[in-house]
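Then let's walk through it together, piece by piece.

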Amino acid sequence: MTPLNIPTYSIVTLGGVVVGLGLFLWDASRWWADHPKKRLSLKALRKLAPTLLCVSYGTLLILSAGGLLGAAADWSLWGSNQLGEGLLVYGVGGTAPNVTRTAHLVLTPGGHAVVILATIVLVAVASRRGFRWDFVRPTLAGVSLGLAKSVAGLAGLILAPGVSTLGDLVTGLL
């Protein structure tokens, strides 16, 4: 249980990974199609940056230990698991086994501070021109992929120690 006694489950199934990859591929394929030439130019990569940052943010949310943001991420993960399981079972006759990483990555207190700061920045940026639905898809993709034990969950393996160390250094915990 978390400090607020909000239950967290943090289990991702193949269905959740399928939904997460689908959400990410939606944005990535649109970016790819919009930039047929010079995809590695600074201008083209600048268009992809918000998507990658939102995926990273969603990954950090699901790695949070709990609280309101962690619970929202956990409920979103449950929803993507259910949707993906329905797609796999009823759409193609497959199954949706558990694909959660065996060793759960946990953020340090400094890492949790970074999540709060990233939330503040995301809300500030998103609120400049009204609600940004284009930030929701990649954030949900990050939530759905952050705990996967496959290559899809690589962001979690890279982000958790880096963000925790950065947060601990900035806040003086290290």
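Which residues in α2 meet which residues in α5? On the α2 side they are Thr51, Cys54, Val55, Tyr57, Gly58, Thr59, Leu61 and Ile62, and on the α5 side Pro138, Thr139, Ala141, Gly142 and Val143. "Meet" here is about contact, meaning heavy atoms within 4.5 Å. Sort the residues of this contact by type and you get 8 nonpolar, 5 polar and no charged. In that sorting, Ala, Val, Leu, Ile, Met, Phe, Trp, Tyr, Cys and Pro count as nonpolar, Asp, Glu, Lys and Arg as charged, and the others, Gly among them, as polar.

Before going on, a word on what you're looking at: this is a predicted model, where local features need pLDDT of at least 70 and side-chain atom pairs count only at pLDDT 80 or more, while totals for chains, interfaces and linings use all residues. Residues are numbered from 1 along each chain as its sequence is written, and side-chain values use heavy atoms, with hydrogens and water left out.

Now step back to the whole protein chain. It has 6 helices and 0 strands, counting DSSP runs numbered from the N terminus (H or I, at least four residues, for helices; E, at least two, for strands). Of its 174 residues, 40% count as buried, that is, under 20% relative accessible area with a 1.4 Å probe, protein chains only. The C-alpha trace spans about 45 × 40 × 30 Å along its principal axes.

Back to our pair: the axes of α2 (residues 42-63) and α5 (residues 136-145) come within 6 Å and cross at roughly 40°. The axes are lines fitted to C-alpha atoms, for helices over the stretch in contact, with angles from 0 to 180 degrees between N-to-C directions. The two helices are therefore oblique to each other.

Compare α4 (residues 109-126) and α6 (residues 154-171), whose axes are 6 Å apart at an angle of about 90°. That makes α4 roughly perpendicular to α6. For the labels, under 35 degrees is roughly parallel, over 145 roughly antiparallel, 65 to 115 roughly perpendicular and the rest oblique. Here Pro109, Gly110, Gly111, Ala113 and Val114 of α4 touch Val163, Ser164, Gly167, Asp168 and Thr171 of α6.

Finally, find Lys38 in the loop between α1 (14-34) and α2. Its phi is near 55°, a positive value in a residue other than glycine. Most residues other than glycine have a negative phi. Lys38 counts as exposed, at 67% relative accessibility, where exposed means over 50%.
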